[in-house]
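Subject: Handover of a structure and notes on it

Dear colleague,

Please find the structure below, followed by an account of what was found in it. I would ask you to keep the view open while reading.

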Amino acid sequence: MKRLSKITAGFLAMLMLFAFVACTKAPTETGTALSDGATVKLVTLSDPSWPLNEDCKAWEYIREGTGANLEVQAVPSSDYYSKVPLMFAAPETLPDLMTFDNKASSEKYATQGALVALDDVAEHMPNYNAFIASLSEAERERLVTTRKAADGKVYYSPTYGRESMQGMRAWMYRKDIFEKHNLKVPENKDEFVEVCRELKKIYPDSYPFSMRNGLNYISMIGPQWKPYFSNFAYYDFESEKWSYGATEPTMLEILTFLKQMVDEKLLPADFMTINTQTWQELITTDRGFIFPDFQTRIDFFTPLARTQNPEFTLTAMIPPVMNEETGTNKIGRFNIDPYGFVLCNTKDEKRISNAAKYLDWMFSDEACELLTWGKEGETYNVVDGKRVYITDETGAQPNTLYGFSLPGTIARFDSAAVDAFESEFVAAGRHITTTYLMDEVAPTMWLSFNEEETKVMEVERVEIETYTREMMSKFMLGMEPLSKFDEFVETINEMGVEKLLAAYESAYNRVK
């Protein structure tokens with residue numbers, strides 16, 4: 001794979017071309033029935049915004065389709081990665097399957113022999129094999145390559161069909177508020193700061209720029225200052241070079257901007273650590289008006305806020321260019337679906353084969369149909385020849401109502417359902433969301449590392465990123481003056497950042 005760009009270019013158009021693959025092209029195979037009365041234990045993370053309901057239709061359909069005696073343990077995502085190591089530390093109590101929301105977590109346990117490669121249980125996975133084989137060469141390469149471990153095997157199952165909605169980020173704004181006060185949607189940094197000041201005058205208790213998870217989200221908004229920019233290691237597709245963003249002048253520009261926004265109380269001082277509930281309250285109570293985040297937040301906030309304010313309208317906006325010389329009006333591209341299953345190595349062949357068969361069913365035509373649409377009359381109706389999800393009085397999404405398309409219930413999704421799955425509110429801004437994305441997906445999202453590279457990731461990367469986060473936090477909190485930025489850069493260089501970048505380059509060169 002010379003460059004991921006050859007795969008991601010025109011990606012949305014390709015999704016339309018291959019949409020029919022999702023639930024129709026791959027033939028459903030037989031021979032994957034679980035052993036009679038087999039118990040399958042699944043541990044999955046649960047997002048606080050879309051918590052898993054053990055009584056939802058998705059679990060009902062999975063139990064019916066697999067015949068499994070399914071035991072589900074849903075762990076809040078905030079606690080998940082502190083509990084996972086404890087589970088692997090006690091092999092005798094390991095579940096059969098687990099879900100992750102990032103590939104890196106699976107890499108660690110794969111190298112320890114704690115996971116079973118899908119390649120090694122292929123005889124139990126005819127549906128999965130048939131589905132992968134049914135894809136075009138380019139689509140298959142994109143889907144499988146980004147899931148391969150350093151040994152060339154797949155331990156972390158791919159998720160298919162949701163790329164145009166899952167992981168999609170966007171800049172969003174309160175359209176109703178802007179129209180009410182005749183405010184211009186900002187196109188550059190000066191206009192952005194000015195409109196935030198105007199909003200602050202109108203709503204003194206507000207934080208007009210309501211970004212959360214600040215340090216992690218710099219990679220999302222970084223392209224507004226420089227293409228592909230991240231505060232950590234990133235690959236610049238334009239210069240074809242690996243760089244460490246925190247050591248670049250662009251990082252100082254971003255820190256200066258964020259510090260200004262905090263100092264003027266246009267951005268919450270705790271934007272780096274603000275909890276989800278507090279942030280949600282800002283957005284739904286006319287105290288937050290512009291922010292970059294997942295585009296699906298439009299569907300989350302709108303029905304919730306409209307119970308109190310029928311005029312509430314949140315929609316996508318063109319990202320403002322923050323550096324007129326080097327910046328872009330595009331947001332970072334992250335639409336490789338992060339979710340996936342892993343097969344735990346329980347050392348019990350019967351349990352492993354049953355878990356493989358269970359996962360295999362998730363890639364069948366039957367599962368794609370049931371876990372995308374459900375059943376007519378139960379979860380959807382046909383209206384004017386089109387399938388329309390049945391909703392409740394709140395207009396909640398199918399993931400909230402039925403448990404569809406969530407960690408633990410998603411493997412293969414009918415991409416033709418995207419428009420039906422998301423509301424008219426998301427659809428209204430979809431062309432902006434999809435048009436103003438960087439051309440390439442960040443390789444840091446899917447690269448696999450060999451043993452030597454992993455040591456660098458576990459030592460140099462951890463130390464350098466920990467120091468980077470610590471100092472960036474101190475800069476933002478005023479504990480260290482920005483005049484010490486050059487000293488900060490010098491320290492990072494002394495910590496071995498070149499060695500870190502060489503490890504990334506080595507891993508990337510194996511697949512580019």
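This is a predicted model: local features need pLDDT of at least 70, side-chain atom pairs count only at pLDDT 80 or more; totals for chains, interfaces and linings use all residues.

A salt bridge is a side-chain nitrogen of Lys or Arg within 4 Å of a carboxyl oxygen of Asp or Glu. Lys57, Glu60 and Glu378 are linked in a network of such bridges, and the structure holds 25 salt bridges.

Residues are numbered from 1 along each chain as its sequence is written, and side-chain values use heavy atoms, with hydrogens and water left out.

Salt bridges

Helices (H or I, at least four residues) and strands (E, at least two) are DSSP runs, numbered from the N terminus. Buried means under 20% relative accessible area, exposed over 50%, and partly exposed in between, with a 1.4 Å probe and protein chains only.

Arg197 and Glu264 form a salt bridge through their side chains, at 2.8 Å from N to O. Arg197 belongs to helix α9 (residues 189–202) and Glu264 to the loop between α11 (249–263) and α12 (276–284), so this pair ties together parts that are 67 residues apart in sequence. Arg197 is partly exposed at 32% relative accessibility, and Glu264 is partly exposed at 30%.

A further salt bridge joins Arg387 and Glu369, at 2.5 Å from N to O. Arg387 lies in strand β13 (residues 386–389) and Glu369 in helix α15 (residues 365–372), so parts 18 residues apart in sequence are tied together.

Lys474 and Glu470 also meet in a salt bridge, at 3.2 Å. They are 4 residues apart in helix α19 (residues 451–477), which means that about one helical turn separates them.

A buried charge

Which residue is buried yet has no salt bridge? It is Asp414; the nearest side chain of opposite charge, Arg387, is 4.1 Å away. (Lys and Arg count as positive and Asp and Glu as negative; His and the chain ends are not counted.) Asp414 is found in the loop between α16 (398–402) and α17 (418–421). A polar atom of the Asp414 side chain lies 3.0 Å from the backbone nitrogen of Ala416.

Nonpolar cores

A nonpolar core is a set of buried Ala, Val, Leu, Ile, Met, Phe, Trp, Tyr and Cys residues joined through side-chain atoms within 4.5 Å. The largest one has 90 residues, and Phe88, Met98, Tyr358 and Met362 have the most contacts inside it. Helix α14 (residues 349–361) supplies the largest share of this core, 6 residues. A second, separate core of 73 residues includes Tyr173, Phe209, Tyr228 and Leu437.

Contact means heavy atoms within 4.5 Å. Leaving aside residues up to four places away in sequence, Phe88 touches several residues, among them Met98, Tyr109 and Cys344.

Strands

Two strands pair if DSSP finds at least two bridges between them. Strand β1 (residues 39–46) runs parallel to β2 over 8 bridges, and Val43 stands opposite Gln73 in β2.

Strands β6 (residues 233–236) and β7 (residues 241–244) are antiparallel and joined by 4 bridges. They form a hairpin with 4 residues between them, and Glu240 in the turn has a positive phi of about 55 degrees. Tyr234 has Ser243 in β7 as its bridge partner.

Yours sincerely

Conventions:
A polar contact is a pair of N or O atoms within 3.5 Å; within protein, one must be able to donate a hydrogen and the other to accept it, and residues adjacent in sequence count only if both atoms are side-chain atoms.
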